Each structure stands twice: as structure tokens, then as C-alpha cells.
Amino acid sequence: MPDLPTPQDDTEAALFSECWDAVLSYADLCTSGSLTAHQLATEAFTLGMREVRAAASTHVRGAGSRTARLPTIPALLTAVRATAAAWEAGGQGHKLDPELRLWLNSGSAARFSGPPLGRPVALRGLRDMQEADAALLWLAEVEALPLPTVARRLGLDPATVADELDQVRGLFRDRCHRAHLDSPLDAQCRSYARLLDAVTRSTVAETPGDLSRHLATCVRCAEAAACLRLHGGGLPGALAGGVIGWGGLAYLERRRRATEVRLGAGRPGGADADDREEGTGRSRVLRGGLLAAAVLLSALALGVSMMPFGGSGEDTAAAQDDRQPVADPGVSRTAAHPTATHSPTATHSPSAPASATRTERRPAPRKPDPEPQGTSSATHRAGPTNAPATTRPAGCRVAYELDSQWPDGFQATVSVTTDQALTGWEVSWAFRDGQHVGQMWDATVHQDGPRVTATAADYNRTVAAHGTLSFGFLGSLTGANRTPYRFTLNGSPCTVG
């Protein structure tokens, strides 16, 4: 196994410390254990940095046009994918996640190394941007870093970085639209290109029925729609899935959680504390030792990011495995990863009284309703006068948005506006057509037949009065995909619209 490359200067040493934990995080998703994850990360980091240095050298010496290349972190993540493919081809595939191996031998993986015009539009759009703009978009949307931190790392003005990010999002959309038009589209796809552009630009326009049916059967156009629609919260997923490929959404969730750990999410002055720590660390650590320290710190952040927040040690042992991969849209999702859904009996230890109470309520609803409504009904029986704000009936409105769809799966976002303040929430609904939730972010999921319950994560339990909570998920389907119904918030019915 090769050693990690040595930083050439202080700037590259700082770059190493920022990138190594991202590479290790994705490598851990791709492999069957921590030792092989470290081996894959080391090989990929060495390969990726060699390519990054070569591209930078070519750009400096070249005269005229800019060499199209990815920012450093996504470039290193593609090196992880390339190294995993080399392992599979070289007889070391047993070290990789089994579902990654299936993906590597599918047509979906071939797209990332095939003819340029056939590659995902997100990958082509990001590569076609100026590197500084692409880095801003990636750090803010995928790595989920706070904008002041992004501004500091890229040398931007913190007062204007938000406006710059909005402009960069627009640039990315334009590049993706152009990439989609340049793709080898058939006559039907090309006939919908102008309509797809118009619908995704508007925040209020409804998608015509014929376009919806086309997006349900055309993977390429569905990918383009996810990149072109800047509203609705689907851009990070479109970026991660289109650039990284297999496991993109799982990586996205890991990076979000790792960022919260590193920056002290929920604690006053978390970002400032990160600034002070980074400044003092650079002044005290010699260049040769900085990389070793970064490896240790990133391993700690990675370990914490894979733990559920706010649980006991026993809860942690039984929690959902965050290594569960997210399938690429081009791969069948009919299995729907049943292990990725949170079973109440599997995720809560009997030694935790609150969790045990909640586990017992689900299978024994008060009424003979075949679709359980969550835990709030049991709380209502205790008397509304002493109930906390999270269990009182609250007016709520639901916006259900289908972000993208392919023949056997889809991605959706649920946003709920509540009239009352919440310190915890459960959103439930019923599917009409046998859909099944596979991967969910910003909430944990339990599904019993058509009834789905999404429970708040520890970091977004609190919602202000008249505020909005939001989460997203991937689902599998076998036929129609009508909008769900019977939405409730903590057991109280919500209006949909």
C-alpha cells in the first residue's frame, strides 16, 4: 500500500487536511471494513493528488484556453471510484461493498468513463465551470460547510459570498442545460428540452402530464431536471449523484453530519471556534506533521458522523448502519434496501424508557385504523392540558415535491409548515401505489405497509411557530407514483398543497 504523498508547501498541506477526511468517508462507504477503507482511501488519494498536480501544472504552462477540470475534493472522490473499479478489475473486488461491485459492472458506471457527451450532466456542468466557482458550489452544497467557512477557505468576502453562491448556482444550471442539449438525445427527449427548461426555472409552474410521464421513463432527462431545478432542495443530491455516482446521497448525508461535528453544530460560536482552532493549529504544527494530524482528526470526525446523535451507547450499537449505499438512478431499486429503514424494535434499546415506550405504541394503535398515526395518539389520551407543544393539535400544511423519477424509483422532498412551535415531530403519510422508502435524510423512517412515518433527527427537532421543516428521501416503485395522502404532523391532519 503506497504512503500518502508529501505536501509540497503550506498551501498544499492545508489542502490535504481539508480533503483527506472526505476521501476516507467515501472510501468507507465503498468497502467492507475500516482497514480496507483506509487502504482504498490511501491509494485513491495518491492517485488523485498526482492528477490534481498534473492538471494544475498543465494549466500554469498552457497558453490560451483553460483546461476543464474538477475542484480538488470531487476530483479526489472520482479517484476513489476509479481505484475501486481498478480493484474490481484486478481481482480485489471482494474488498468492496457488494452493491458497489454490481454497480461497477453495470452500464451506469460505464457512463462515467465512457464518451464525454454521454456522461451525467452534473459532472459535465461542474467540470465546465471556472474552478473557483465550482469549488464554491461544491463546498457549500455537498460538503455543507457554512458560508463564512467557505469564504475563508476560498479567500472570498464573507459579506458577499451568499450573492456569489446564487450566481454560481445559476451558472451551474446554464452549464447543465447546455450539456443536456449537447447530449445525443432522441427525438422525443429533444422535443421536451425547451419545456423542461421552462418548467424547472419557475418556482410555481406545474409540470405538464406528458412531461411527467416522460421523466418517469427517461433517466437522462430526469437527471437533467434535477440539475436544472434550483429550488426545492434537490441540488445537493443532483450534484453528489451526478459527480460521484454510486453512494452519492449517502456521502452527502455523511458530510453534512461530519460538518456538524467539526463545527460544533448547535453550540454557540461553533464556527468561530473552528476558525480559532484552525488558525492556532497551522501556527503550531510543522508542515511534515500536519498530514498525520489531519488523518487522526478526520478519522475521529468520520467515526462520530456515523453515530446517531443524542443516543445512548446501547442505542448507538443498534442504530442504522450509515454505510448503507444509495443506488444510482440507473440501477434497479426494487430491493429498496430494507435495512436502510429504521425499525422501531431495532433502533431503540429496551434500556431506554422513552424509546421503549415509543416502540410499544406503534404496533398497538388506540383505534382499529390499519394505518398507524405515530405516537401522538397515546399522548392525547393523557390529557391535552398537560401535553407539550409537540403533541397539541397543530395546523399544518404539506408541500410534497417529486424532485426526479426513473423507471423503478424516484426522489422526493417533503416540506411541512406548522402553526405552532415544535420541540419534536413525526410526519406520517400513506402511499397510494405500493411505493417503498429506501433512503431518507434529515429524518429517520419507519414504514408499515403503505403508511410511512418520518421522525425528526436530533439536529432539527425544534421548529419555530409558522416555521417549515423539510426532509427528503429515495423511494422505489413498481408502477404508478401518485402523490401520497393522509399527511399528519404529530397525529394531526395536515392540508396538502
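Q: What does "buried" mean when we look at a residue here?
A: Buried means under 20% relative accessible area, exposed means over 50%, and partly exposed lies in between, using a 1.4 Å probe and protein chains only. Over the chain, buried residues make up 51% of the 497 residues.

Q: Before we go on, what kind of model is this?
A: This is a predicted model, in which local features need pLDDT of at least 70 and side-chain atom pairs count only at pLDDT 80 or more, while totals for chains, interfaces and linings use all residues. Residues are numbered from 1 along each chain as its sequence is written, and side-chain values use heavy atoms, with hydrogens and water left out.

Q: How many helices and strands does the chain have?
A: Helices (H or I, at least four residues) and strands (E, at least two) are DSSP runs, numbered from the N terminus. On that basis the chain has 20 helices and ten strands.

Q: How are strands arranged into a sheet, and which strands form one here?
A: Strands of a sheet pair through backbone hydrogen bonds, in either a parallel or an antiparallel way. Two strands pair if DSSP finds at least two bridges between them. Here five strands form an open sheet with mixed pairing, in the order β4-β7-β2-β1-β10. At the edges stand β4 and β10, each with a single partner strand, so one side of each has no neighbour in the sheet.

Q: Which strand does β4 pair with?
A: Its partner is strand β7 (residues 468-476), joined in the antiparallel sense over five bridges. To follow the pairing by eye, find Met440 opposite Phe473 in β7, then Trp441 opposite Gly472 in β7. Strand β4 (residues 436-441) has five of its six residues buried, so it is largely enclosed by the rest of the structure.

Q: Which cysteines form a disulfide?
A: A disulfide is a covalent bond between the sulfur atoms of two cysteines. The cut-off used here is a pair of cysteine sulfur atoms within 2.5 Å. A search of the whole structure finds one disulfide, formed by Cys396 and Cys494 with their sulfur atoms 1.9 Å apart. Cys396 lies in strand β1 (residues 396-406) and Cys494 in the loop between β9 (492-493) and β10 (495-496), so the pair ties together parts 98 residues apart in sequence. The torsion about their S-S bond is about -95°, so the disulfide is left-handed. Cys396 is buried at 4% relative accessibility, and Cys494 is buried at 12%.
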